[in-house]
Amino acid sequence: MVTQQCLQFVHYSSSSTCVVVPASSWSHEIHTPLHCFSLYLQLYHSFSQLRLSNWNFLHLIMRVTWAKKIFNQFSAQCLIHKGNFTTSATFGPSNPKFPIISNNFTDELKFTNATSYGSIPIYRILGSATEDEAMANIELEEAKYIKMYKDMVTITVMDKILYESQRQGRISFYMTNSGEETVQIGTAAALSLNDVVYAQYREAGVLLWRGFKLKQFMNQCYGNCEDIGKGKQMPVHYGSKELNFVTISSPLTTQLPQAVGAAYALKLAHSDRCVAVYFGEGAASEGDAHAAFNFAATLDCPVIFICRNNGYAISTPAREQYKGDGIAAKGPAYGINTIRVDGNDIFAVHNATRAAKEWTLANGKPVLIEAMSYRIGHHSTSDDSSAYRSVSEIAEWEKLQPIARFRQCLEKYGLWSEEQEKEFVSSIKKQILSDFAAAEKNVKPNWKEVFTDVYYNMPDHIKKQSEAMAKHVDQYKEHYPVDLYKQQ
């Protein structure tokens, strides 16, 4: 029985004798191995005076073994931290050395807040004094930059078609990427296909860059028989095992701790790979984000946290979502290397991600990137952003559209032209419409798929449900549109 006054180990012998160790002998005094060992000897001496039955003796041995284990663990902890946590006997009463922190003392009583530090700067290339120098050899990577631009344009054209299809009732849901294409493509181009990606739900460009086909996007949004996910996910909840892109899930921020776990697994396997995980500034308010940051930092996981700070968490503006110096300020607090970047600058985003990957693989530690951007479109087709922001605000940000900035840069250095623009937009629009039409004509997956892919081996109770459903549908098939589903 444990109380605030004392700790009691009660063992009944033939004479009902018990041993009581006052709490004062351990609750505030056991802070060195010597104190712990002293208590252990007291317990052992007291127990040795008792005459116990075989059963009580066995119970006693278990208790003593437990006390010994506690002593050993505590001793180990003291040895581990002896370089960080020392006593005043060594350094004097006025200068103890606390763990981890730098131990700078002051006699000034002062609270620290966001204004105590300078704001983390926003890294950029376009429009900076060093732009020409940074672009001096742009033609050497012409093929890469042209592909990056084409993928950004492709996402924009696909967004318009699928957004309108939802408004027409042809698909159930959609989320556009307008204003955030640079964050997607700029980061994706800096990663390798072997790197693992955990996305939120506005990373279609990342998947496109890695090789996901347009028809695969269409099939997923329609949930037809060609959909990799067999119609079991909402539209835009993409995934591809082949491309190391973990399937998107709706619950907010769950991907962050999962990504850290995956990164830790790669570390244990001594793999030359990293994990990139995407999230919005609103997701950073979830507890999962903070748990992920802390685990990644303390376990030294090769993971890149990529925050798309687009100004709004659905209808909640950033000014109501958090205080302080944005999401980037959280990185150093957790001991994570951090950079804030202009999310409308494709070159800055790409450079930052490439440097982050090189560093995290070389050091086996996490990096946090906060990409400052702006969500031009609605949060989703279920949202009307005019209810919480003005048309003039959107118009101002449209002037800074990242695709337009990228195109101007490519044209400036002779890598793109108006003629190429018209030809590509026309071509990609035809391809998307063709794949869209094909996806719309495809039938739905066989209805029996609803029972699959949950268990590796289907348990009996699920088999019985499947068989019962099959009999029901066969008996009343005239009441079900079975011709719209793939036949086995």
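**Questions about a predicted model**

Me: How many residues of the lining of the largest pocket are charged?
Reply: The pocket in question has a volume of about 540 Å³. When its lining is sorted by class, 10 residues are nonpolar and seven are polar, while the number that are charged is eight.

Me: Is Cys-274 buried or exposed?
Reply: A residue is called buried when its relative accessible area is under 20%. Cys-274 has a relative accessibility of 0%, and therefore Cys-274 counts as buried.

Me: How many disulfides does the count come to?
Reply: A disulfide is a covalent bond between the sulfur atoms of two cysteines. For the count, a pair of cysteine sulfur atoms has to lie within 2.5 Å. By this rule the number of disulfides comes to zero.

Me: Does Asn-103 count as buried or exposed?
Reply: Asn-103 sits in the loop between α3 (88-91) and β3 (122-123), and its phi is near 60°, a positive value in a residue other than glycine. Most residues other than glycine have a negative phi. The cut-off for buried is under 20%, and because the relative accessibility of Asn-103 is 18%, Asn-103 counts as buried.

Me: What does Asn-244 count as at 22% relative accessibility?
Reply: Asn-244 also has a positive phi, near 55°, and its place is in the loop between α8 (214-222) and β5 (245-246). Buried means under 20% and exposed means over 50%, with a further class in between. Because the relative accessibility of Asn-244 is 22%, the class of Asn-244 is partly exposed.

Me: What percentage of the residues in the protein is buried?
Reply: The protein is built with 17 helices and 11 strands, and its accessible surface comes to about 27,100 Å². Of the 488 residues in the protein, the share that is buried is 42%.

Key: Residues are numbered from 1 along each chain as its sequence is written. This is a predicted model: local features need pLDDT of at least 70, side-chain atom pairs count only at pLDDT 80 or more; totals for chains, interfaces and linings use all residues. Side-chain values use heavy atoms; hydrogens and water are left out. On a 1 Å grid over the protein atoms alone, a cavity is a set of points where a 1.4 Å probe fits but cannot get out, and a pocket is an open set with protein on both sides within 12 Å along at least five of seven lines; lining residues have an atom within 4 Å of a point. Grid points are joined across faces, edges and corners, and a volume is the space filled by probe spheres set on the points. Ala, Val, Leu, Ile, Met, Phe, Trp, Tyr, Cys and Pro count as nonpolar, Asp, Glu, Lys and Arg as charged, and the others, Gly among them, as polar. Buried means under 20% relative accessible area, exposed over 50%, partly exposed in between (1.4 Å probe, protein chains only). Helices (H or I, at least four residues) and strands (E, at least two) are DSSP runs, numbered from the N terminus. Accessible areas come from the Shrake-Rupley method with a 1.4 Å probe; for residues, only the protein chains shown count as cover.
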